[in-house]
Amino acid sequence: MTVTTAAPRVGVVMGSRSDWETMTHAADLLQELGVSHEVRVVSAHRTPDLLFQYAEEAVSRGIQVIIAGAGGAAHLPGMLAAKTRLPVFGVPVQSKALNGMDSLLSIAQMPAGIPVGTLAIGRAGAVNAGLLAAAVLALHDPALAKAVEAYRSRQTQSVLDNPDPRA
């Protein structure tokens, strides 16, 4: 488990170690914004008891948002959402068989009453999940709100500073 110095506010979980290639982008973004987080492999299929324990204990451990990345059948985000009141953001990991469409549809098609905020497939989804988690936390954290605003401002300025794609 990787944990920043403060008690983790965001849980970044994935179904297998191979999902780290995608989920590292969520963790990197949280690190850049100074959001304390932890990183765990929690498999819906191989470690269901651990999944239930993680979801059930998250609130008492101070976790406020869960980002869950999964490929293939992608049950992890939905199962976590079924076992906690916390917001869960699902990141579909690009798969070889169906290029991530299977993961996207598995995460997006949750039954009414068990919401999972579903992001884009792959890196873009992981980055945006990190930003979305930070935005939720920033609702009650003025310092984090400033960090999110500064990130967005830097992003805008980068586009403005480089208008010619040939340069």
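Modeller: Helices (H or I, at least four residues) and strands (E, at least two) are DSSP runs, numbered from the N terminus. Helix α1 spans residues 20-33, and G34, which follows α1, has a positive phi near 80 degrees. This is a predicted model, where local features need pLDDT of at least 70 and side-chain atom pairs count only at pLDDT 80 or more, while totals for chains, interfaces and linings use all residues. Residues are numbered from 1 along each chain as its sequence is written, and side-chain values use heavy atoms, leaving out hydrogens and water.

Colleague: Why is the contact between R9 and D141 called a salt bridge?

Modeller: The term requires a side-chain nitrogen of Lys or Arg within 4 Å of a carboxyl oxygen of Asp or Glu. For R9 and D141 the N to O distance is 2.9 Å, so the pair qualifies. R9 sits in the loop between β1 (2-3) and β2 and D141 in the loop between α5 and α6, so the pair ties together parts 132 residues apart in sequence.

Colleague: What makes R61 and E38 a salt bridge?

Modeller: Their side chains meet at 2.5 Å, N to O. The pair links the loop between α2 (48-57) and β4, which holds R61, to strand β3, which holds E38.

Colleague: Is E38 buried or exposed?

Modeller: Buried means under 20% relative accessible area, exposed over 50%, partly exposed in between (1.4 Å probe, protein chains only). E38 has 1%, so E38 is buried; R61, at 32%, is partly exposed.

Terms used
The expected span of a helix is 1.5 Å times one less than its number of residues.
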